[in-house]
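Hi,

Here is the structure I promised to pass along. Have a look at it first, and then read on for my notes on what turned up.

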Amino acid sequence: MIETITSSQNPKIKLLLQLQQKSSERRKAGLFVVEGRRELMHCLETGFDIACVFWCPAVEVGTEPLPALPDGVRVFEVSKAVYEKVAYRGSTEGIIAEVRIRQLSLTDLRLPEQPLVVVLERVEKPGNLGAVLRSADAAGVDAVIVCDPLTDLYNPNLIRSSVGAFFSVPCVACTSEACITFLKQRGMQILTAQLQDSRLYYDTDMRRPTAIVMGTEATGLTSQWREAADAHIRIPMLGRIDSLNVSVSAAVLMYEAVRQREEY
């Protein structure tokens, strides 16, 4: 049965807005927001638990009125005025969902014999993390580990910028200390991306189990990671600028690992 909501003052609409805007509300409710048909389909395909869907047929795009949903998922049909109030962007096919948070830990990761993992320390911008996840999916990376994060992993900007990769690439948040222990226990080499005391990335063997570790653009990696590293690597900077956006750097390094492993 589809229920109808025509007022933006409806408690369910107020909660939806709070989930979009506040990480504290997401943690409290155990829910996050997914906007768009494609993103909702990624949720369903990867087994995420959909709590409810807000649907506005007045702005839907395409021939399907609504994707097939599991039994028990509540559907609320909202007016165009209500949808325009809660939608972050216009081209989302009139679909917004509340999805139950799935918290992964390091012990939940199921890595292959020759894993490739990307580690981000103290990532601050959700858009950067989303872009890294998108590249990680494309490069077949086995997991992305976010250490001491300064952004909420369920931030709507992260979900949007990942273009669905958030659902396909295992993503874990933990402390740097726990991550270093995890990597070393599994015999993975730690490659830290840094300018100081480093060698060119393409001169480093990435065919063995590898973790590529990136810091923030502003401050780089902390000494904890630099000391734990098996090797320090850098991307050559031939212009006046001394660094790339972290998502661009991560993509370059991921695809070097892909190149080496395909040639092996």
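Let me start with helix H5, which covers residues 126-139. H5 has 14 residues and spans 20 Å from its first C-alpha to its last, close to the 20 Å expected at 1.5 Å a residue. Please keep in mind that this is a predicted model.

Much of H5 is hidden from solvent: Pro126, Asn128, Leu129, Gly130, Val132, Leu133, Ser135, Ala136 and Ala139 are buried. The elements that cover these buried residues include strand E6 (116-121), E7, H6, helix H7 (165-168), strand E8 (171-174) and H10. Just after H5 comes Gly140, with a positive phi of about 70 degrees.

Strand E3 (residues 50-55) runs parallel to strand E4 (residues 74-78), and four bridges join them. Val53 has Val75 of E4 as its bridge partner, and Phe54 stands opposite Phe76 in E4. E1 and E4 also pair in the parallel sense, over four bridges; there, Ile5 has Val78 of E4 as its bridge partner.

**The seven-stranded sheet**

The other open sheet has seven strands, ordered E8-E7-E6-E11-E9-E12-E10, with parallel pairing. Its edge strands are E8 and E10, each pairing on one side only.

E9 makes a handy reference strand. Four of its five residues are buried. E9 runs parallel to E11, with four bridges between them, and parallel to strand E12 (residues 231-234), with three bridges. Leu191 stands opposite Ile212 in E11 and opposite Ala231 in E12. Thr192 stands opposite His232 in E12.

Two helices to look at here are H8 and H10. Helix H8 (residues 176-185) lies across E6, E7, E8, E9 and strand E11 (210-214), running at about 145 degrees to E7. H10 packs on the sheet and touches E6, E9, E11 and E12. The direction of H10 makes about 165 degrees with that of E11.

**Nonpolar cores**

Which residues touch the most other members of the largest nonpolar core? They are Phe32, Leu120, Leu129, Leu133, Val144 and Phe166, out of 49 residues in that core. Helix H10 (residues 246-263) supplies the largest share, six residues. A second, separate core has 21 residues, including Cys147, Val172, Cys179 and Trp225.

Leaving aside neighbours within four places in sequence, Phe166 is in contact with Phe32, Phe48, Leu133, Leu153, Tyr154, Leu158 and Ile159.

**Two loop residues**

Asn155 lies in the loop between strand E7 (143-147) and helix H6 (156-161). Is Asn155 buried or exposed? Asn155 counts as buried, because its relative accessibility is 16%, and the cut-off for buried is under 20%. A polar atom of the Asn155 side chain lies 2.7 Å from the backbone nitrogen of Asn157. Not counting residues up to four places away in sequence, Asn155 touches Arg26 and Pro126; Pro126 is one of the buried residues of H5.

Asp197 sits in the loop between strand E9 (189-193) and strand E10 (199-200). Asp197 is exposed, because its relative accessible area is 66%, and exposed means over 50%. Asp197 and Ala231 are 34 residues apart in sequence, and their C-alpha atoms are 9.3 Å apart in space. Ala231 is also the residue of E12 that stands opposite Leu191.

Happy exploring, and do write back with any questions.

Best wishes

Key:
Residues are numbered from 1 along each chain as its sequence is written. This is a predicted model: local features need pLDDT of at least 70, side-chain atom pairs count only at pLDDT 80 or more; totals for chains, interfaces and linings use all residues. Side-chain values use heavy atoms; hydrogens and water are left out. Two strands pair if DSSP finds at least two bridges between them. Buried means under 20% relative accessible area, exposed over 50%, partly exposed in between (1.4 Å probe, protein chains only). A polar contact is a pair of N or O atoms within 3.5 Å; within protein, one must be able to donate a hydrogen and the other to accept it, and residues adjacent in sequence count only if both atoms are side-chain atoms. Contact means heavy atoms within 4.5 Å. A nonpolar core is a set of buried Ala, Val, Leu, Ile, Met, Phe, Trp, Tyr and Cys residues joined through side-chain atoms within 4.5 Å. The expected span of a helix is 1.5 Å times one less than its number of residues. Axes are lines fitted to C-alpha atoms, for helices over the stretch in contact, and angles run from 0 to 180 degrees between N-to-C directions.
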